Amino acid sequence: MATPPARTIPVRTIHVRLPGEATDRSYEIACGSGLIDSVGGRVAADGARRAVVIADAAVAGSHAARVAASLAAAGAATTTLEVPSGESSKGVPMAGRLWAELAALAADRGTQIVAVGGGVVGDLAGFVAATFARGLPVWHVPTTLVAQVDSAIGGKTGINLEAGKNLVGAFWQPRGVVADIDTLATLPDREYISGLAEVVKYGMILDASFFAWLEGHAAELLAREPQALAWAVERSASLKAQVVEQDEREVSGLRAALNYGHTFGHAYETAAGYGRLLHGEAVAIGMARAARLAATLGRLDEAVVGRQDRLLASLQLPTTPAAAGAIEPATLITIMGRDKKSLHGRLRFVLPDAIGRVELVEGVDPAAVERVLSAP
Ligand SMILES: NC(=O)c1ccc[n+]([C@@H]2O[C@H](COP(=O)([O-])OP(=O)(O)OC[C@H]3O[C@@H](n4cnc5c(N)ncnc54)[C@H](O)[C@@H]3O)[C@@H](O)[C@H]2O)c1
Ligand SMILES: [Zn+2]
């Protein structure tokens with residue numbers, strides 16, 4: 001049977017409810033297919049007189065050009081600023097350049113920033129929006145799977161310093177998010193598959209039936225079959241939205257569940273040298289290790305470790321650190337102790353006790369961690 005035309009995918013709206021004391025910061029995430037040309041109308045309806053599109057160079061001539069055209073058609077005076085692709089753009093020099101360009105454009109609070117790209121451009125443009133003139137409204141139009149299911153939702157923005165990733169930042173909620181799965185068609189395979197690791201993460205931490213659905217639809221997801229992809233994005237985005245609603249600033253510990261697989265993952269990412277593993281690949285290895293650690297500590301049924309490994313493998317994600325190269329467990333433990341999420345050097349991990357349920361576990365015995373890290 002032929003793939004149904006993409007436009008048969010329904011457009012869904014996910015509400016992120018963040019009532020504030022002074023201002024209501026609630027917003028909507030539109031997800032589905034055929035949405036890119038609707039961005040202008042949405043932003044204009046939010047009162048934009050002027051818009052500045054901040055675009056990843058990889059999508060500047062395609063998706064971002066359509067966003068800019070739709071903004072102009074909706075009556076907003078629109079300028080596009082292009083940012084070179086890659087993590088190195090997410091730093092002080094590029095933030096400084098964008099601040100200067102906004103100043104030259106005399107951007108004011110009637111100017112809406114529209115970020116078009118992956119997590120790099122979303123974090124950078126969000127941070128620039130949060131800080132310029134003490135805060136410009138920002139819209140996110142995520143064009144990577146990671147950005148659609150994770151980074152565009154929740155208001156964490158930031159840039160990297162030499163001393164570490166995401167060290168400078170601000171919580172700055174967007175005015176809205178438009179996640180059009182059609183934009184993912186141009187994403188390289190490796191980037192796309194890497195994003196699927198975060199999708200698996202949502203099933204594992206919050207939703208056993210979504211996890212089971214993923215097990216049954218791995219082939220469709222790998223083929224980017226639109227119906228399956230739309231559901232994977234919608235479900236993941238709404239799970240992230242629920243967490244953000246309940247724990248916007250990571251105080252109750254609920255938002256920390258989103259770090260499942262990330263303590264191990266960051267350690268492998270760092271030890272392998274940035275660039276060798278994509279973030280999602282490192283997270284896949286990290287989730288496999290975290291589940292193994294949970295089983296070692298007697299918190300999780302062995303069978304679940306195998307189920308998660310099989311799902312990751314069926315999505316062509318790594319489950320062993322072979323791709324990271326030879327790394328000593330001691331090196332990884334040192335890195336994990338330095339992680340800004342560890343408390344006074346004590347090791348803490350988000351560990352599952354069943355599919356769909358995780359807990360933040362403090363003061364894990366380093367010997368158990370080392371045993372898990374020593375496994376092939
Ligand atoms: N704020 C948060 O809550 C949060 C959450 C997760 C990750 N992040 C951040 O997100 C960043 C990673 O995001 P990412 O994985 O989207 O990486 P990315 O933004 O670097 O995009 C990955 C690659 O895909 C290219 N690209 C983007 N869209 C494309 C498209 N539609 N077609 C073809 N190529 C395209 C980019 O140019 C880049 O080369 C990291 O900096 C990470 O710290 C933030
Ligand atoms: Zn992640």
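This is a predicted model: local features need pLDDT of at least 70, side-chain atom pairs count only at pLDDT 80 or more; totals for chains, interfaces and linings use all residues.

Biologist: Which residues come nearest to ligand 1?

Modeller: The shell is defined by heavy atoms within 4 Å. It holds 25 residues around ligand 1. Those that come nearest are Glu87, Gly119, Thr143, Thr144 and Thr186.

Biologist: How do the residues of that shell around ligand 1 divide by class?

Modeller: Several elements take part: α2 (57–60), α5, α6 and β8 (164–171) each supply at least two residues of the shell. Divided by class, the shell around ligand 1 comprises six nonpolar, 10 polar and nine charged residues.

Biologist: What distance separates an oxygen atom of ligand 1 from a side-chain N or O atom of Glu87?

Modeller: Side chains of several residues approach oxygen atoms of the ligand. For Ser85, a polar side-chain atom lies 3.0 Å from an oxygen atom of ligand 1. For Lys90, the distance from a side-chain N or O atom to a ligand oxygen is 2.9 Å. For Glu87, the corresponding distance is 2.8 Å.

Biologist: What percentage of the accessible area of ligand 1 does the protein cover?

Modeller: On its own, ligand 1 has 870 Å² of accessible area. Of this area, the protein covers 85%.

Biologist: Which residues coordinate the zinc ion (ligand 2)?

Modeller: The donor atoms lie at 2.0 to 2.1 Å from the zinc ion. In sequence, the donor residues follow the spacing E-x63-H-x16-H. The coordinating residues are Glu198 (OE), His262 (NE2) and His279 (NE2).

Biologist: How many residues apart in sequence are the parts that the pair Glu198 and His279 ties together?

Modeller: Glu198 belongs to helix α7 (residues 189–206), whereas His279 belongs to helix α12 (residues 279–296). The pair therefore ties together parts whose separation in sequence is 81 residues.

Biologist: Which element gives the most residues to the lining of the largest cavity?

Modeller: The model has three cavities of 30 Å³ or more, and the largest holds about 50 Å³ of space. Elements giving two or more residues to its lining are β5 (111–117), α5 (119–131), β6 (138–142) and α6 (145–151). With three residues, the element that gives the most is β6.

Biologist: How many charged residues does the lining of the largest cavity have?

Modeller: The lining includes Gly117, His140, Val141 and Ser151. By class, it has five nonpolar and six polar residues. The number of charged residues is none.

Biologist: In which loop does Gln316 lie, and what is its phi?

Modeller: A positive phi in a residue other than glycine is also found at Ala106, near 55 degrees, and Ala106 is placed in the loop between α4 (92–104) and β5. Gln316 lies in the loop between α13 (302–314) and α14 (329–338). Its phi is likewise positive, near 65 degrees.

Key:
Residues are numbered from 1 along each chain as its sequence is written. Chains are lettered from A and ligands numbered from 1 in the order in which they are written. Side-chain values use heavy atoms; hydrogens and water are left out. On a 1 Å grid over the protein atoms alone, a cavity is a set of points where a 1.4 Å probe fits but cannot get out, and a pocket is an open set with protein on both sides within 12 Å along at least five of seven lines; lining residues have an atom within 4 Å of a point. Grid points are joined across faces, edges and corners, and a volume is the space filled by probe spheres set on the points. Helices (H or I, at least four residues) and strands (E, at least two) are DSSP runs, numbered from the N terminus. Ala, Val, Leu, Ile, Met, Phe, Trp, Tyr, Cys and Pro count as nonpolar, Asp, Glu, Lys and Arg as charged, and the others, Gly among them, as polar. A polar contact is a pair of N or O atoms within 3.5 Å; within protein, one must be able to donate a hydrogen and the other to accept it, and residues adjacent in sequence count only if both atoms are side-chain atoms. Accessible areas come from the Shrake-Rupley method with a 1.4 Å probe; for residues, only the protein chains shown count as cover. Donors are N, O and S atoms within 2.8 Å of the metal (3.2 Å for Na, K and Ca); water is not among the atoms, so sites may look incomplete.
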